[in-house]
Amino acid sequence: MKYLNIRGTSGTGKTHATKALMEYSEAVPYMHTEKGKPLVYKGQVMSIPVYFLGSYKTSCGGCDTIPSVKIVAGLLDTLTNEHEHGTIVFEGLMISHMIGTVGAKLKELGVEKSILAFLDTDIETAIQRVKDRRLAAGNTKPLNEDNTRKDHPRVIAARNNAIEQGFQVYDIDHKNAVEVTKTLLNKMLSGESIEFKSNKI
């Protein structure tokens, strides 16, 4: 099993890129919570299974719909133990600005099998996207930008920390995120070589 963790603060395009991969792999609900909410989706590319963690019933989804990082780590374990081949794709705001429990699990499973892919979206673009998303949902209240602005440097710090800890770090061009992410997944599935970043920001 391989692991692709897409990271970034709110508005960077994590969910958008992941949903594009779900459509590309024709993913459908595979595991559900006790209340019937999707917990894992399963698709297929090149006859290889691709799994996606979390629910995508709303505009924001992924691991932020899962109650705790321990459950996320548990799902990584469960899918790895039950399926020898495939790639698990997952994203979420809470796990983007830390290595923590999820990072520890990826280390246990093998950093050489894991890619931490960070979207390079600038903070002003990210905030505008959040505002646009809120308006599209009918929320006209002014956005408190403080949390997003505070999260942005924390995500960069997590990227640098990931490099220090020996993770394979990949930077996604936010202007072409869908195609870049799709290419990255294809290379992971086919075993093609991938150029990683070693420089801290």
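**View 1. Pairing of Ala 117 with Tyr 170 in strand β7.** In this predicted model, Tyr 170 of β7 is the bridge partner of Ala 117. Strands β6 and β7 pair in the parallel sense over five bridges; two strands count as paired if DSSP finds at least two bridges between them. Strands (E, at least two residues) and helices (H or I, at least four) are DSSP runs numbered from the N terminus. The model is predicted, and local features need pLDDT of at least 70, side-chain atom pairs count only at pLDDT 80 or more, and totals for chains, interfaces and linings use all residues. Residues are numbered from 1 along each chain as its sequence is written, and side-chain values use heavy atoms, with hydrogens and water left out.

**View 2. Strand β6 and its pairing with β1.** Strand β1 (residues 2–7) runs in the parallel sense with β6 (residues 114–119), and five bridges join the pair. Tyr 3 stands opposite Ser 114, and Arg 7 has Phe 118 as its bridge partner. Six of the six residues of β6 are buried, where buried means under 20% relative accessible area, exposed over 50% and partly exposed in between (1.4 Å probe, protein chains only). Ser 114, Leu 116 and Phe 118 point one way from the strand, while Ile 115, Ala 117 and Leu 119 point the other way.

**View 3. The seven-stranded open sheet.** The strand order is β2-β3-β4-β5-β1-β6-β7, with mixed pairing. Strands β2 (28–32) and β7 (168–172) stand at the edges with a single partner strand each, so one side of each lacks a neighbour in the sheet. From one strand to the next, the twist averages 25°.

**View 4. Phe 90 and the largest nonpolar core.** A nonpolar core is a set of buried Ala, Val, Leu, Ile, Met, Phe, Trp, Tyr and Cys residues joined through side-chain atoms within 4.5 Å. The largest one has 26 residues, of which Tyr 3, Leu 53, Leu 76, Ile 88, Phe 90 and Leu 106 touch the most other members. Two or more residues each are given by β3 (38–45), β4 (48–53), α2 (69–82), β5 (87–91), α3 (100–109), β6 and α5 (146–164). Helix α2 provides the largest share, four residues. Not counting residues up to four places away in sequence, the contacts of Phe 90 include Tyr 3, Leu 53, Cys 63, Ile 95 and Val 102; contact means heavy atoms within 4.5 Å. A second, separate core of 23 residues includes Ile 6, Phe 52, Ile 115 and Met 188.

**View 5. Packing of helices α1 and α6.** Helix α1 (residues 14–24) packs on helix α6 (residues 177–190) at an angle of about 55°, with the axes 9 Å apart. The two helices are therefore oblique to each other. The residues His 16, Ala 17, Ala 20, Leu 21 and Tyr 24 of α1 meet Val 178, Thr 181, Lys 182, Leu 185 and Asn 186 of α6. His 16 counts as exposed, at 56% relative accessibility.

View 6. Met 46 is partly exposed, with a relative accessible area of 46%, whereas Ser 47 counts as exposed at 63%.

How values were computed:
Axes fitted to C-alpha atoms, helices over the stretch in contact; angles between N-to-C directions. Parallel < 35°, antiparallel > 145°, perpendicular 65-115°, else oblique.
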